[in-house]
Amino acid sequence: MTAEREALKASFLLAAGLQDARRESLAGDASTRAYERLFLADGSRRIFMDQPPVESAPCPPDADPGTRRTLGYNAMARLAAGRVDAFVAVAGWLNRSGLSAPRIEAFDADLGLAVMEDLGDDLFGARIANGADEGPLYEAAVEALVHMQASPVPD
């Protein structure tokens with residue numbers, strides 16, 4: 001990470017009132033995003049997402065296959081192109097639909113930064129590895145997918 005990016009992140013956290021939080025890097029995913037866990041003085045935690053604006057633009061909704069190929073992988077795969085505003089919009093839609101998504105506490109779409117609720121580390125894979133019955137977990141996942149399919153998606 002560059003010193004310039006770190007300065008932007010520090011400034012963002014200051015504006016969000018989180019400048020004193022202890023920061024701890026988390027394992028990444030298969031994207032250009034990076035995550036940190038923020039530990040606040042009151043004992044609570046947040047997740048800090050850093051999505052540098054380095055990916056290609058998202059696909060226009062009416063793009064034909066040729067245009068999508070020309071625009072690159074994000075357009076061909078119909079990805080959100082690392083857009084923090086898209087992440088915020090989807091999290092809001094999921095919460096309004098009665099599903100669980102992290103509550104967004106602060107974000108700057110242009111900078112690609114967001115602070116959100118920390119939902120913890122209780123992953124299905126870890127629970128199953130520790131002996132949990134996987135049936136109810138997968139049933140809950142399928143019920144969430146069915147619920148999402150039945151919920152109107154906002155423009």
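Which residues does Leu 13 touch, not counting residues up to four places away in sequence? Leu 13 touches Leu 18, Gln 19, Arg 23, Leu 38, Phe 48 and Val 115, where contact means heavy atoms within 4.5 Å.

The structure is a predicted model, in which local features need pLDDT of at least 70 and side-chain atom pairs count only at pLDDT 80 or more, while totals for chains, interfaces and linings use all residues. Residues are numbered from 1 along each chain as its sequence is written, and side-chain values use heavy atoms, with hydrogens and water left out.

The protein contains six helices and five strands. Helices (H or I, at least four residues) and strands (E, at least two) are DSSP runs, numbered from the N terminus. Read from the N terminus on, the elements follow the order α-β-β-β-α-α-α-β-β-α-α. Along the principal axes, the C-alpha atoms fill a box of roughly 45 × 45 × 30 Å. Of the 155 residues in the protein, 28% are buried; buried means under 20% relative accessible area, exposed over 50%, and partly exposed in between (1.4 Å probe, protein chains only). Among contacts with a separation of 6 or more, 43% come from residues 24 or more positions apart.

Leu 13 itself lies in helix α1, which covers residues 3-15. Its relative accessible area is 3%, so Leu 13 is buried. The C-alpha atoms of Leu 13 and Ala 114 are separated by 9.3 Å, although these residues are 101 residues apart along the chain.

The strands may be followed next. Two strands pair if DSSP finds at least two bridges between them. Strand β1 (residues 22-25) and β2 pair in the antiparallel sense over four bridges, and Ser 25 has Glu 36 in β2 as its bridge partner. On to strand β3 (residues 45-50), β2 is joined by six bridges, and these two strands also run antiparallel. Within this pairing, Ala 34 has Asp 50 in β3 as its bridge partner, and Arg 37 stands opposite Ile 47 in β3. β2 and β3 form a hairpin with five residues between them, and Gly 43 in the turn has a positive phi of about 95 degrees. Strand β3 is mostly covered, with five of its six residues buried. It pairs in turn with β5, in the antiparallel sense and over five bridges; there, Met 49 has Ala 114 in β5 as its bridge partner.

With a relative accessible area of 9%, Glu 36 is buried. Its side chain makes a polar contact of 2.8 Å with the side chain of Lys 9 and another of 2.5 Å with the side chain of Arg 23. A polar contact is a pair of N or O atoms within 3.5 Å; within protein, one must be able to donate a hydrogen and the other to accept it, and residues adjacent in sequence count only if both atoms are side-chain atoms.

Val 115 is found in strand β5. At 0% relative accessibility, Val 115 counts as buried. Beyond its neighbours within four places in sequence, Val 115 is in contact with residues including Phe 12, Leu 13, Leu 38, Phe 48 and Ile 104. Val 115 and Arg 46 are 69 residues apart in sequence, and their C-alpha atoms are 6.6 Å apart in space.

The largest pocket has a volume of about 580 Å³. Of its 19 lining residues, the closest to its centre are Ile 47, Leu 119, Gly 120, Asp 121 and Leu 123. On a 1 Å grid over the protein atoms alone, a pocket is an open set of points where a 1.4 Å probe fits, with protein on both sides within 12 Å along at least five of seven lines, and lining residues have an atom within 4 Å of a point. Grid points are joined across faces, edges and corners, and a volume is the space filled by probe spheres set on the points. β2 and β5 (113-117) each supply at least two residues of the lining. The lining divides into 10 nonpolar, three polar and six charged residues; Ala, Val, Leu, Ile, Met, Phe, Trp, Tyr, Cys and Pro count as nonpolar, Asp, Glu, Lys and Arg as charged, and the others, Gly among them, as polar.
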